[in-house]
Amino acid sequence: MSQPTATVQHEAQQEAERLLDIAGLSKSFGTVRANRDISLHVRRGEIVALLGENGAGKSTLVKQIFGLVKPDGGTITIKGDASPVKDPRDAIRRGIGMVHQHFQLVPVMTVAENMVLGHETTSRGVLDIEGARKLVRELSAKHGLKVDPDAEVEDLPVGTQQRVEILKALSRRVDLLILDEPTAVLTPQETDELLSVMKELAAGGTSIVFITHKLREVLAAADRVYVLRQGAVVGEVATADTDARGLATMMVGRDVVLRVDKDEATPGDEVLSIKDLVVLDDRNLRAVDGFSLDVRAGEIVGVAGVEGNGQRELVEAIAGMRPPQSGRIDLLGKDITKANPHDTHVAGVGHIPEDRERHGLVASYSLADNLVLNRFSEKPFANGFVRDFDEVRKNAESLFQEFDIRAAGVTAMAGSLSGGNKQKVVVAREMSFGPKLLMAAQPTRGVDVGSIEFIHRRIVAARDEGAAVLLVSAELDEVLSLADRIAVIHGGKVVAEMPGSDADRTEIGRLMAGDH
Amino acid sequence: MEWLKRNQVAAGSIVVLLVAAFIFHAVNENVATSMFKGAWFFAVPLVLGALTGVVGERSGVVNIGIEGQMLVAAFAAFFSAAASGSLVVGILVGMAAGIVMGAFLALTTVKGLMDQIIAGVVINIVATGLTSFFYRPGKVLSSNMPQWDIPLLSQIPLIGDVFFQTGPIALFALLSVPVVHFALFRTRWGLRTRSIGEYPSAADTAGIDVIRMRLVNVTIGGIFAGAAGAFLSMEATAGFERGMTAGRGFLALAILIFGGWRPLRVFAAALFFGFTNALASQLQGVINIPQQFITLLPYLLTLVVLAVAAGRVRAPGAVGQPFVKGEGS
Amino acid sequence: MADPRDEPSGADHGAVTTQPTTEATPPPVVPERGAPPPPTGVLGLLVREQSIIVPLVAVVAALAIGAVLIRAQGVNPTFAYETLFKYSFLTADGLQGTFEKMVPLILCGLAVVIPLRVGLFNIGAQGQLMAGAIAAAATAHAVREAPGVVVAIVAMVAGILAGAMWASIAGALKATRGVHEVISTIMLNSIAAGLIDYLVNGPLKDPSSAYPASFPAPEASRFVPLGVVPIGLPIALVLALAVAWMLRRTTLGFQFETIGRNRHAASYAGIKLSGMIVLAMAIAGGLAGLAGSVEYLGIDPYRYQDGIAGSLGFDGITIALLARSSPLGTIPAALLVGALRAGSSNLMFNTGIQPEIVDMLLAITLLLVSLPIIAKLIFRRHTAKSSALATSWGS
Amino acid sequence: MRSHVKLSAVVAAGLVAALAGCGGSTGPSTGSGGGGGTNTAASGDCSSAEVFCVGLVTDVGKVDDKGFNQAAWEGVEQVKGELGAQTKFVETTDPKDYAKNIKQFTDAKYDVIVTVGFLMGDATRAAGKQYPNTKFIGFDQFQADPVVPNVTGLIFHEDQAGYAAGYLAGLMTKSNKIGVVLGQEIPPTQAYAAGYENGAKAANPSVTVSKVYHPAGNTAFNDPVWGAGEAKKMLAQGADFIFGAGGNTGNGALQEAAKTAGAGDKIFCIGVDLDQWDTLPAAHPCLITSAEKHEKDGIGELLKQIKSNTIKPGNFFGTAGISAFHDFDSKVPADVKTKVADIVKKLEDGSQATGYKAG
């Protein structure tokens with residue numbers, strides 16, 4: 001096959017075979033229709049983006065292609081074969097590879113072991129680990145993605161883990177590569193690198209389906225884009241024929257507010273002061289390594305950075321969930337370095353945790369109980385030892401109104417709510433007691449646009465009421481639109497601080513990557 | 001060589017212990033040999049029971065029903081051997097009984113999604129009920145289990161006496177340790193087994209049938225507990241008695257954890273436990289403290305070691321959690 | 001593992017929530033997933049009460065299977081069950097026997113239930129009960145000159161403290177060193193047995209006894225049954241109610257439950273995990289220890305001697321599982337087990353059936369109760385989630 | 001769906017079987033009791049003076065335990081025909097049921113109730129006081145003053161049996177090393193051990209005796225594997241006589257000795273409590289004799305005394321010694337036989353002390 005020029009290639013694709021053809025695909029979970037009547041196709045050598053908000057049904061769609069989820073109806077035709085995809089094994093056999101949003105790598109195994117898992121070669125019954133190492137080195141060289149075959153996956157930074165994940169998918173004969181939110185954990189520079197790898201693969205004849213909610217990436221890499229909303233395809237367009245605003249409107253169903261409305265901040269007294277903080281992570285490595293930052297009343301300080309640069313440990317240390325190794329944290333002049341979560345809460349820290357399912361909520365508790373999760377023993381919710389269920393319920397009812405929580409009632413289980421509503425429960429709880437410091441970690445992750453706007457408005461409102469706000473987010477756009485001051489974190493320390501108003505996206509991206 | 005570099009402490013302690021054992025042996029051959037023999041004798045069912053645990057838990061299924069598995073196997077082995085007049089039949093039926101109990105655990109937890117701890121407790125209670133209800137006295141084996149002297153190996157001083165003048169099931173236990181260790185860390189089956197116990201969704205997406213593999217592993221893993229049962233009623237003694245496992249299944253569980261879910265370490269842990277036990281009874285009446293205190297030693301030591309070594313042993317990541325396809329984890 | 005960024009994949013499918021173009025149409029209220037609208041009428045009642053129905057069905061099925069075994073022994077099952085029932089409930093002695101057996105069963109059941117709610121599996125109730133009984137024996141002897149009531153109260157308090165202390169060791173090892181409680185409690189059971197064997201052979205041995213046994217409880221301190229009701233029964237019943245109340249209504253119970261349901265959220269919410277784990281084990285151990293002292297004060301021969309603990313600690317596990325880890329559920333569960341145990345020797349006397357039949361019946365019942373699949377077969381999609389019956393291995 | 005049907009079928013089958021049972025007679029059917037003994041269901045009315053009824057309550061354990069429960073029951077059965085007695089046993093599963101189980105027999109107006117094991121001593125005396133018209137035999141239960149008029153304790157000197165066994169071992173050992181594997185450390189095992197040691201040393205001053213008690217716990221008398229392991233160690237250390245004195249735990253030791261190379265020629269074992277030649281065939285290759293308490297004879301004798309109304313309250317001392325040599329008769333030298341017989345006689349008449357002091 002000769003290498004056509006870009007335009008010729010584009011035209012050739014019109015004629016190329018349809019590698020994947022999906023017709024009338026539907027999937028419901030209980031009463032929720034995650035996919036409704038979806039039809040789409042992917043041609044050989046084509047990069048197709050699936051664009052949609054969190055919850056639009058993109059992941060469910062690709063999981064069905066990969067055999068992880070069984071469709072309720074509709075057909076998936078792969079290279080003309082319409083038989084159902086039984087399981088991942090079947091999908092792999094039929095030339096589909098997938099890079100999962102949540103890496104599917106066994107943490108305690110080496111890169112080489114992960115690479116061959118599921119299609120190992122053996123010689124006389126013995127696993128050919130040397131061969132696996134060689135395979136890793138070859139693939140790594142071929143695609144220009146550097147990894148050490150003998151490193152244990154759990155010791156690798158997320159960016160590298162993703163390389164492993166991609167190489168793993170490519171280690172088998174792959175006609176169609178699915179990438180589920182591949183850029184969520186990457187720096188802008190790493191993202192660009194990934195996009196160019198994708199283009200090279202496509203040029204070599206591999207089809208690519210990639211999921212994202214970032215318009216920039218779609219426009220930069222995809223040939224064609226399907227836009228999903230509420231489980232259905234609401235539009236299909238060639239990237240050449242559209243622009244960011246057009247895509248955004250399709251995606252959300254209305255004009256998107258790209259910036260949060262807020263007045264100029266009027267910072268007051270210093271509320272939070274962090275000096276030379278060192279915090280170890282679960283593996284006893286210095287995740288936060290000499291971090292210093294001040295936050296004053298009435299301002300939002302955004303911590304921007306690639307995930308895994310100590311943000312989680314920083315937040316947990318401030319919240320009292322992870323004792324710091326050294327350094328000092330003061331809240332309103334009081335030392336809270338060694339405080340436990342209860343103490344910090346009493347001292348006035350509201351904490352919207354990064355992982356609401358894990359930390360923020362008890363799924364099998366009622367919403368009412370969740371709304372007093374860290375105040376269950378305070379008056380009026382308890383009278384000494386005995387809880388006051390009346391007060392708990394009243395509290396929930398009033399917060400339901402104030403924070404527009406949509407649920408069957410205050411006794412509904414937290415687990416039954418949508419992501420946005422769950423997050424509103426957490427936000428309501430953490431804002432309703434009048435915190436002096438509001439610490440919001442990834443406050444809008446996995447949340448629908450309506451809720452995002454709502455939560456953003458509430459964060460600004462909290463600032464305007466005089467709270468100090470520490471916003472930690474991996475979404476650079478979120479930091480840019482909310483923060484009055486931005487601190488870029490890399491390697492566990494602040495590498496730059498700048499006013500939010502004149503922050504430059506590219507510059508921050510460079511800093512986030514450790515390039516300073 | 002590489003192994004030596006990575007495991008300096010382990011290699012060092014092995015050398016030190018071996019040297020100590022041989023010095024002891026040189027000083028008092030009879031007592032040393034007998035104590036190590038006693039230690040291994042005590043350790044055999046623990047090693048086998050723990051291997052069942054290794055295979056199950058490495059696949060992500062907790063097994064606290066090893067005690068019951070062993071008890072049923074001891075029962076089945078002895079009575080089938082007595083009825084058929086064949087030791088081979090007895091051993092095979094014992095192993096089969098272990099497998100059947102393993103299948104029960106597998107089906108209830110992997111397919112039926114029953115809590116794994118509870119399934120284990122149920123196995124123990126059912127085993128006690130079954131074996132005591134159907135027990136009949138007065139049965140005997142037609143012949144004793146043979147004792148083999150393995151050519152050459154049994155000539156090795158001390159080690160030959162302890163490990164290679166042996167009954168068939170003890171030999172099976174001895175051989176099973178390196179075999180399972182090798183299988184777990186050097187074969188395709190092992191890689192896949194570790195992956196489904198550590199991170200089943202990764203295995204699932206790599207095209208491995210997690211459910212099926214767990215079912216098979218937990219079922220087949222019962223063979224070791226089955227052998228342990230046969231050892232108790234046919235090789236260690238020559239008769240089944242109600243409740244004759246006497247807590248060995250639970251000890252096997254402790255040893256499994258003690259040994260960090262690795263067969264070779266499990267072997268070492270079981271020998272250690274066996275040796276403290278031998279030491280305890282050897283010291284009875286020799287040193288002048290109540291024998292109860294000496295006999296507590298193994299349990300106390302285990303507790304202390306676990307407390308000190310805590311954090312250094314890590315359970316397989318997904319052990320105890322059911323795997324449901326499409327639920328992500 | 002559920003990544004919050006993850007799109008719906010099981011637990012989170014409600015997230016179809018993009019705001020539509022036209023404003024203010026609220027996103028759909030998402031009902032609990034997978035649950036069809038609850039049926040009404042008789043069926044509805046059955047579905048709502050399935051936590052009761054399932055065990056009942058299990059007992060009936062177990063009795064049916066037991067009937068086959070009894071028949072196989074050449075005994076008429078109806079007669080056998082009649083006998084069992086008669087000597088468990090219909091005679092004064094039988095009823096008293098059933099009640100007497102219920103007391104430690106309820107207490108040990110509670111000693112397993114509470115840790116289960118915190119996500120711990122206490123298989124050390126046996127050792128905790130023994131510790132309680134020996135402590136009661138030691139203190140009762142020490143204060144034997146005091147009035148009977150005082151002796152009894154001192155003995156009970158000592159039993160509670162000793163059981164609590166013994167269990168706390170496992171709790172503390174778990175909380176500070178991460179030693180799994182299943183292993184530590186197994187070891188502690190053996191250690192308790194050894195220490196106590198020394199005590200009843202040595203310092204605490206009654207010299208007038210030909211065999212190892214502690215001093216007897218002073219006459220005046222012994223429990224006298226009120227009619228057929230042993231004093232321990234109201235104590236156990238009140239404690240079951242108290243535990244239920246504690247778990248449901250108090251801040252302590254809330255902390256226990258939160259840890260059991262989501263340890264991470266509990267820690268986030270400022271609950272002190274270590275302290276609570278030790279406390280939960282201590283309360284459990286205290287209950288088991290109380291069971292030990294009540295056996296010492298309430299049951300002939302009123303001393304600590306071999307067999308006082310029987311298999312009560314392990315029976316506690318059976319009780320807790322039958323009760324599906326509900327504190328009040330331990331009462332009917334203990335009634336069932338107690339009645340079967342109480343009637344078993346009369347069954348043997350009258351029919352020759354081995355008492356082991358009772359273990360068989362319990363094993364089958366437990367099996368049927370615990371298998372979620374049974375409830376699924378009966379109730380299909382209406383099956384309630386029995387999340388309470390889960391433990392926390394490997395954490 | 002399929003499995004739903006299957007389950008229903010199983011449950012239905014069970015119910016049908018149960019109902020089939022209901023269809024039959026409504027009265028008691030005759031069941032055979034557990035294991036070794038036949039437990040005859042009541043056929044006559046024990047309250048009538050003509051019917052002589054003997055009931056037996058075991059200690060926790062089974063009537064086929066190869067130990068004292070079995071010995072006691074066999075003693076009852078042995079004289080059953082002679083006395084025209086109607087007999088029945090109940091197995092105790094929980095020590096707290098002693099009184100209750102005794103009461104079943106008193107309620108049914110049994111004439112004699114045999115209770116087995118020292119743990120039942122208190123319960124037996126209490127029942128004796130409560131039912132003065134019923135006779136009680138307390139097996140292994142020493143009756144301290146004041147005695148209860150209708151309770152007789154059947155007592156054996158375990159130390160005498162142990163002494164005789166040790167004497168034999170001391171005379172015959174070639175290695176001058178002998179061992180004893182015991183259950184829990186309680187007076188009877190202590191007596192056996194002391195008698196054994198002293199007897200052996202009396203016969204052969206240069207003998208060394210290793211002894212080991214089972215670690216504490218409720219499995220002390222039911223851990224044959226542990227017993228086997230201990231015997232293995234003793235044999236490896238050169239012992240050529242193994243005395244197994246601890247229920248199934250001791251039996252494990254005997255079985256181990258029986259399997260050892262040289263069993264019956266160089267290696268011998270000694271059973272305990274009753275003639276284990278009859279109860280433990282697996283030990284035949286080495287079982288030279290048993291340190292026997294003549295339990296069956298003791299029970300039989302007391303039952304006869306009750307029947308003839310010559311029984312006395314207090315303690316009845318049964319005899320203890322060693323059992324027949326069975327297949328080993330030819331292997332025991334004649335002079336050894338004579339010396340042992342002599343010692344047994346002296347033990348019985350009290351002219352030979354064992355050196356064991358109770359308590």
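This report walks through selected features of chains A, B, C and D.

The model is predicted: local features need pLDDT of at least 70, side-chain atom pairs count only at pLDDT 80 or more, and totals for chains, interfaces and linings use all residues. Residues are numbered from 1 along each chain as its sequence is written, while chains are lettered from A and ligands numbered from 1 in the order in which they are written.

Let's start with chain A. An automatic or database domain assignment supplies the domain bounds, and chain A is divided into domain 1 (6-95 + 173-252) and domain 2 (270-512). Their C-alpha centres lie 34 Å apart. Eight residues of domain 1 are in contact with nine residues of domain 2, where contact means C-beta atoms, placed from the backbone, within 7 Å. On the domain 1 side, the touching residues divide into three nonpolar, four polar and one charged. Here Ala, Val, Leu, Ile, Met, Phe, Trp, Tyr, Cys and Pro count as nonpolar, Asp, Glu, Lys and Arg as charged, and the others, Gly among them, as polar.

Next come the helices, which are DSSP runs of H or I with at least four residues, just as strands are runs of E with at least two, numbered from the N terminus. In chain C, the axes of H3 (residues 77-90) and H4 (residues 92-117) come within 5 Å and cross at roughly 80°. Axes are lines fitted to C-alpha atoms, for helices over the stretch in contact, with angles from 0 to 180 degrees between N-to-C directions. H3(C) and H4(C) are therefore roughly perpendicular, a label for angles of 65 to 115 degrees. C:Tyr87, C:Ser88, C:Phe89 and C:Leu90 of H3(C) meet C:Gly94, C:Leu95 and C:Thr98 of H4(C).

Also in chain C, C:Thr176 belongs to helix H6 (residues 148-177).

| Peptide bond | Omega |
|---|---|
| A:Lys379 to A:Pro380 | near 0° |
| D:Asp145 to D:Pro146 | about -5° |

A:Pro380 sits in the loop between helix H13 (367-370) and strand S18 (382-383) of chain A. D:Pro146 is in the loop between strands S4 (135-139) and S5 (151-155) of chain D.

In chain B, B:Ala246 has a positive phi of about 45° although it is not a glycine. B:Ala246 is buried, with 24 other C-beta atoms within 10 Å; the cut-off for buried is 20 or more, for exposed 12 or fewer, and partly exposed lies in between, with C-beta atoms placed from the backbone.

Note on methods
Angles under 35 degrees count as roughly parallel, over 145 as roughly antiparallel, 65 to 115 as roughly perpendicular and the rest as oblique. Two residues are in contact if their C-beta atoms, placed from the backbone, lie within 7 Å.
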